[in-house]
Amino acid sequence: MKLFLHKLFHWEYWPFQIVYIPIYFLWAYYALKARTIFFFNTCNPTMRNGGFIMDSKMEIYDLIPPQFYPKTKFIKEQLPFDEVENILNNSKIEFPFIAKPDIGLRGSAVKKIDTLDDLKNYHSKANFDYLVQDLIPFPNEVGIFYVRYPHEKNGRITGIVAKEFLIVEGDGCSTIEELIKANPRYELQLKALQKEYGNQLKDILPKGEKRNLVPYGNHARGAKFLDYSHLISPELTKVIDDMCLQIDEFYFGRMDLMYNTWAELEQGKNFAIVELNGAASEPTHIYDPKHSIFFAWKELARHITYMFEISVANHKRGYDYLPHKVGMEQYNLHLEQSNKIVNF
């Protein structure tokens, strides 16, 4: 009951189908104007489906200059494991590292891999293509939303979200599980954490020791999102714009990146992209607990308007909208892929 009430009175936990109800009407309006519900694929012409559905993370990484993201390798589903080992050895990716689906869904099936046995277990269960990727050595993570119209020489940052990881701090007497239960945000992740850590949750952490149980900033996995949009500055905008201008035909999306210090980030130093998301990107700064649902609707509407206008502009430049039949095929594949990952 405690967790039910917590979710009820904190809209950030509501199902997205409910949160997006007003946005569906706006989408329908734009679909009528474009004469297709699949207008989004021209938003980022070099991304599969504009980065909205069935978008390959590896294909997107290949668009990004390699100095901006960690070493990453693609692993095909059902590849013999000795070939997986060869790929890993040749890549020089070292343990621990991250494994994640090539076509993902809100952080599902993202795992930290500590040993070769962990990788073998992940590979044996994965009924999808996936990536192995170096852990990024920087301690902080933000999501930065970037928008540029095709006729513009420079883009802009429209929102920044900071992420607090699911970290527990020992008191010398409580188990990790008890520390999790002390925070409703963390307790909502208890079943997933029990599945991942098992009896390790019965360990007692020494007083002051911190344990990061989910080392990636995903809201669906317990991270707390904070609106840092007030930190948008000319210096940061130039760093992000200079990088995004090197990504062919990228106009709209959110990059999740890790950095060392904010001052270094504004100087373009010591940061790396975790992921680059296209047309399906949310302005995730809306999930800051201080924001109302009305603020969220306003920001969602603002960003979907950007996406529509960019898509129309690119369509006028000669990029075709996705045919309805192909779009429906892609959507059904997306549902199928999502079920695989959720049930991983």
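Begin by selecting helix 3 (residues 21–34) and helix 12 (293–316), which pack with their axes 10 Å apart and at an angle of about 15°. Axes here are lines fitted to C-alpha atoms, for helices over the stretch in contact, and angles run from 0 to 180 degrees between N-to-C directions. Helix 3 and helix 12 are therefore roughly parallel to each other, a word used for angles under 35 degrees, while over 145 counts as roughly antiparallel, 65 to 115 as roughly perpendicular and the rest as oblique. Show the side chains where the two helices are in contact, among them Ile23, Trp27 and Tyr30 of helix 3 and Trp297, Ile304 and Phe308 of helix 12; contact means heavy atoms within 4.5 Å.

The model is predicted: local features need pLDDT of at least 70 and side-chain atom pairs count only at pLDDT 80 or more, whereas totals for chains, interfaces and linings use all residues. Residues are numbered from 1 along each chain as its sequence is written, and side-chain values use heavy atoms, with hydrogens and water left out. Helices (H or I, at least four residues) and strands (E, at least two) are DSSP runs, numbered from the N terminus.

Next select helix 5 (residues 81–91) and helix 6 (residues 116–125), whose axes come within 11 Å and cross at roughly 130°, and which are therefore oblique to each other. Here Phe81, Val84, Glu85 and Leu88 of helix 5 meet Leu116, Leu119, Lys120 and His123 of helix 6.

Now turn to helix 10 (residues 234–244), and colour Leu236, Thr237, Val239, Ile240, Asp241, Met243 and Cys244, which are buried. Buried means under 20% relative accessible area, exposed over 50% and partly exposed in between, with a 1.4 Å probe and protein chains only.

Where does Lys100 lie, and where does its partner Glu275 lie? Select the pair, which forms a salt bridge with the closest N and O atoms 3.3 Å apart; Lys100 is in strand 2 (residues 97–101) and Glu275 in strand 11, so the pair ties together parts that are 175 residues apart in sequence. Lys100 counts as buried, at 3% relative accessibility, and Glu275 is buried as well, with a relative accessible area of 17%.

For the last stop, select Asp288, in the loop between strand 11 and helix 12. Asp288 is buried yet has no salt bridge, and the nearest side chain of opposite charge, Lys290, is 4.3 Å away; Lys and Arg count as positive and Asp and Glu as negative, while His and the chain ends are not counted. Leaving aside its neighbours within four places in sequence, Asp288 is in contact with Phe225, Leu226 and Asp227.

Note on methods:
Salt bridge = Lys/Arg side-chain N within 4 Å of Asp/Glu carboxyl O.
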